[in-house]
Amino acid sequence: MAFIKLKNITYTYPLAKEPALRNMSCELERGKFYGVIGENAGGKTTFCNLLRGLIPHFYRGELEGEMTIDGQEIRNIDVDILSTQIGYIFQNPFTQISGVKKTVFEEIALGMENLGVPKEEIIQQVIEIAELVKIEDLLQKDPNQLSGGQRQKVAFASIIAMDTDVFVIDEPTSQLDPQGTESIFEIIDKLKKQAKTIILVEHKIDLVAEYADELIVIGQGEILAKGDVHQVLSDFSLQTRGVMFPQAALLSKALSEKGFDFPNIPVTKSECIQMLKERMR
Amino acid sequence: MDYGFIEKYNQPWTSGNPIRDLNPLSKLNLMIVLGLSPFVVQNYVYGFGMALLFIIISILAGCFRSFFSLYWKVLLLFGFFLFLVKAAFSPGEHVIFQIWGIRVTYESIFSGLNIVSLVLAFSGAFILFVKTTPMDEFTYMLEQKGVSHVVSFIILSSFQTITDLGQNAKIIMESQKARGIETEGNVFQRAKAYLPVIGPLILNAISSTEEKSIAMDARAFSAPVKHTYLMELPKPSIKEKIIVLGLDIIFVLLLIGRIVLWLL
């Protein structure tokens, strides 16, 4: 059963002439990992703000259509309660640090303090999350003095520590090196295995293709495609709409053009290698 | 990884300094009583005595350097300026000298000393309170007394905003400098470089307020549950309570005495 339902959603920011989201309809199920991809300024962050209830409760503007989260109409939902159910990691880590805590340890603990988690559990959870995100060496540092990449990891840790059922994650690796990016995806994969619902906006399509269950392609405020990763990434016409494709899919396309056909379009490196091995037998 | 520092969260937070470890609300109480008492006593010797007392307390609290680095500016900017204005223009009968409409009298000098002592005593109490009381400890105690966590967040983030504004101003000035704009030199050159920065600085502060409120919402700040706290402060000792209460009583007596004298 769908957890989040959007029906003909159109949203225009205050004072904006054009809508940021146009006629969006889709359903998101619990326990699935959705990768949200698409060109820059296409409406992905606005989509995240909508899923988290910041639209229409924080960003006023004009919202048309119907949307429900767990059966409740978004306009009538209590955002304070929603904040305990949906964790939101922003695109910009510099704005996600509270600025009122003296150490990273306290910064990660803040969300749990607000949720009324007992102190002993908070301390245990902060240690576990810090080890998971590999930021143990930052715990005693001042969050306001961290670099962009460090802040991104701390912001990520702070939200996943709250252990909500749903995570909306907007470009969590924009300031990270390849190693840091890989480890963030591994954590997201662990969350997925804990049956958490994940909606991840990300440009690193090779990683998204590897971990996500479904893809939602957004461009110019519209949902251009939605479905199984293989199904969406088989449609190369999306390249003309600014959608990046995984290296594996591009390689298979190039080889197909040279007459080297694949039974399916591979979307991950391992799938590609497997198919090449089978084809060359 | 050594998690020894986590032990701090399992027990009441103390610094080891008896002045700093006073309960934040006791410090607030003392600040008000000691800072306002010169206004009641109306004697500049008492006022300067209080200022001296605050300097001594700052030494004992181990924060003399940070206290005095701010206090001397108050002394210079407000104290000295106020004294000059009062000494030059307050009325009096016993003239010491006069020139171009400026008339310095014994009375005006005493009036100047009086006002300076009041400013120094109150600002000294306030600066000492800020320097010896971490704001998170203060807001924690306020919340323990039933103040809304929204109010405590506003206090905390306001103090943080002051720091952020300073840092942002520095960043903008450095980027101006990188573009070849002269940011150093005499007062006029500095003002010329600084004035165009004020607009973006304020706009930036406004937009960061919006972002911060969303960030706090993401941390379930307004979740309809009773918040818990990592922080725990020691309960004020009997001795501390007696000192605070004693000073409060003295202050009330002084106040009553002043009112009686005023009525007579």
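1. How many salt bridges does the rule find across the interface of chain A and chain B? There are 5 salt bridges across that interface, a salt bridge being a side-chain nitrogen of Lys or Arg within 4 Å of a carboxyl oxygen of Asp or Glu. A salt bridge joins the side chains of A:K102 and B:D136, with 3.3 Å from N to O.

2. This is a predicted model, in which local features need pLDDT of at least 70 and side-chain atom pairs count only at pLDDT 80 or more, while totals for chains, interfaces and linings use all residues. Residues are numbered from 1 along each chain as its sequence is written, chains are lettered from A and ligands numbered from 1 in the order in which they are written, and side-chain values use heavy atoms, with hydrogens and water left out.

3. Chain A brings 46 residues to the contact and chain B brings 38 residues; contact means heavy atoms within 4.5 Å. About 3500 Å² is buried between chain A and chain B, and carbon and sulfur atoms give 59% of this area. Buried area is the accessible area (1.4 Å probe) that two parts lose on being put together, summed over both. Of the area that chain A buries against chain B, 19% is supplied by A:V100, A:N114 and A:K119, more than any other three residues supply.

4. Between chain A and chain B, 14 residue pairs are in polar contact, both residues at pLDDT 80 or more. A polar contact is a pair of N or O atoms within 3.5 Å; within protein, one must be able to donate a hydrogen and the other to accept it, and residues adjacent in sequence count only if both atoms are side-chain atoms. On the side of chain A that touches chain B, α3 (79–85), α4 (104–114), α5 (119–133) and α6 (148–160) of chain A each supply at least two residues. The largest share of that side, 9 residues, is from α4(A). Helices here are DSSP runs (H or I, at least four residues), numbered from the N terminus.

5. Chain A is assigned domain 1 (2–235) and domain 2 (246–281), with bounds from an automatic or database domain assignment. The centres of these two domains of chain A, taken over C-alpha atoms, are 32 Å apart. The area buried between domain 1 and domain 2 of chain A is about 620 Å², with 66% from carbon and sulfur atoms. A:D206, A:H230 and A:L233 supply 63% of what domain 1 of chain A buries against domain 2 of chain A, more than any other three residues.
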